[in-house]
Amino acid sequence: MMRIAPRLTLQMGLFLCFLQITVIASANKGYEITKSCRNNIRMLNEALKKYVEENPNAEIPHNEIVQYKQMFTMILTKKYIPDAPVLPTLDCGYNLIYKGPGNFRWFCSLHGTDTGDMRLTFPYHEYEFTAYFEKSYMTISKYQKHYDDIMRWTAYTRTLRESITYHYSRNPTTTIGIVVVGVLFVLFVARSLFW
Ligand SMILES: [Zn+2]
């Protein structure tokens with residue numbers, strides 16, 4: 001048992017170093033993802049506001065969900081959106097809900113609106129996101145579906161790596177303790193079986 005101690009210590013040390021780097025990177029990344037998505041939504045809200053001010057008689061589908069692509073091609077164009085929004089995750093995507101010139105909101109398929117009177121916090125891989133919703137739009141069936149789609153994420157089960165990364169970013173000491181005990185246990189079992 002004493003003979004493998006240095007090797008074990010080295011392995012544990014390397015593992016914890018790797019964990020630390022991964023976690024710090026992903027904790028910042030989670031924050032950055034949410035921030036850039038909300039910035040995209042604000043930019044889209046501003047662009048449409050400007051368009052509506054300059055084109056008060058514009059015909060925009062009411063009480064419908066309109067996808068970004070359609071709004072961009074038919075209405076906004078590069079004049080109002082010179083730089084297309086970059087999607088922060090594979091599941092992000094922008095849609096518009098329009099009830100009138102002073103009552104519209106862009107929302108992301110994953111992060112919802114930039115602010116709202118309803119919220120939902122859910123696991124997304126190694127991150128935790130909060131999406132916002134507007135209660136008054138729930139009467140529109142496609143918006144209700146958008147809420148239901150995000151609701152599905154609440155049942156998401158993280159992989160072991162995602163789980164360790166997530167818990168470490170919230171409570172490093174306890175997570176390291178649990179991981180160390182777990183790794184020691186696995187090494188102990190492996191040693192008694194194979195060595
Ligand atoms: Zn998003």
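Me: Why is Asn63 called partly exposed?
Reply: A residue is buried if 20 or more other C-beta atoms, placed from the backbone, lie within 10 Å of its own, exposed if 12 or fewer, and partly exposed in between. Asn63 has 14 such atoms within 10 Å, so it is partly exposed. Keep in mind that this is a predicted model: local features need pLDDT of at least 70 and side-chain atom pairs count only at pLDDT 80 or more, while totals for chains, interfaces and linings use all residues. Residues are numbered from 1 along each chain as its sequence is written.

Me: And Thr77, is it buried or exposed?
Reply: Thr77 has 12 C-beta neighbours inside 10 Å, so by the cut-offs above it counts as exposed. Thr77 sits in helix 2 (helices are DSSP runs of H or I with at least four residues, strands are runs of E with at least two, and both are numbered from the N terminus). Asn63, by contrast, lies in the loop between helix 1 and strand 1. Neither is a glycine, yet phi is positive at about 50° for Asn63 and about 55° for Thr77.

Me: How do you know that strand 2 and strand 3 pair?
Reply: Two strands pair if DSSP finds at least two bridges between them. Strand 2 (residues 94-100) and strand 3 have 6 bridges, in the antiparallel sense, and Gly100 stands opposite Asn103. The open sheet runs in the order 1-2-3.

Me: What makes strand 1 and strand 3 the edge strands?
Reply: Strand 1 (65-67) and strand 3 (103-108) each pair on one side only. Helix 2 (residues 68-80) packs on this sheet, touching strand 1 and strand 2.

Me: How do you know that strand 4 and strand 5 pair?
Reply: Strand 4 (residues 118-124) and strand 5 share 7 antiparallel bridges, against the two or more that the rule asks for.

Me: What makes a nonpolar core, and which residues touch the most other members of the largest one?
Reply: A core is a set of buried Ala, Val, Leu, Ile, Met, Phe, Trp, Tyr and Cys residues joined through C-beta atoms within 7 Å. The largest has 23 residues, with Ile41, Leu44, Trp106 and Cys108 touching the most other members. Its largest share, 5 residues, comes from helix 1. Beyond its neighbours within four places in sequence, Trp106 is in contact (C-beta atoms, placed from the backbone, within 7 Å) with Ile41, Leu44, Asn45, Tyr94 and Leu96.

Me: Why is helix 4 called oblique to helix 5?
Reply: Helix 4 (residues 160-170) and helix 5 (residues 172-194) pack at about 140°, axes 6 Å apart. Axes are lines fitted to C-alpha atoms, for helices over the stretch in contact, and angles run from 0 to 180 degrees between N-to-C directions. Under 35 degrees counts as roughly parallel, over 145 as roughly antiparallel, 65 to 115 as roughly perpendicular and the rest as oblique. That makes this pair oblique.

Key. Contact = placed C-beta atoms within 7 Å.
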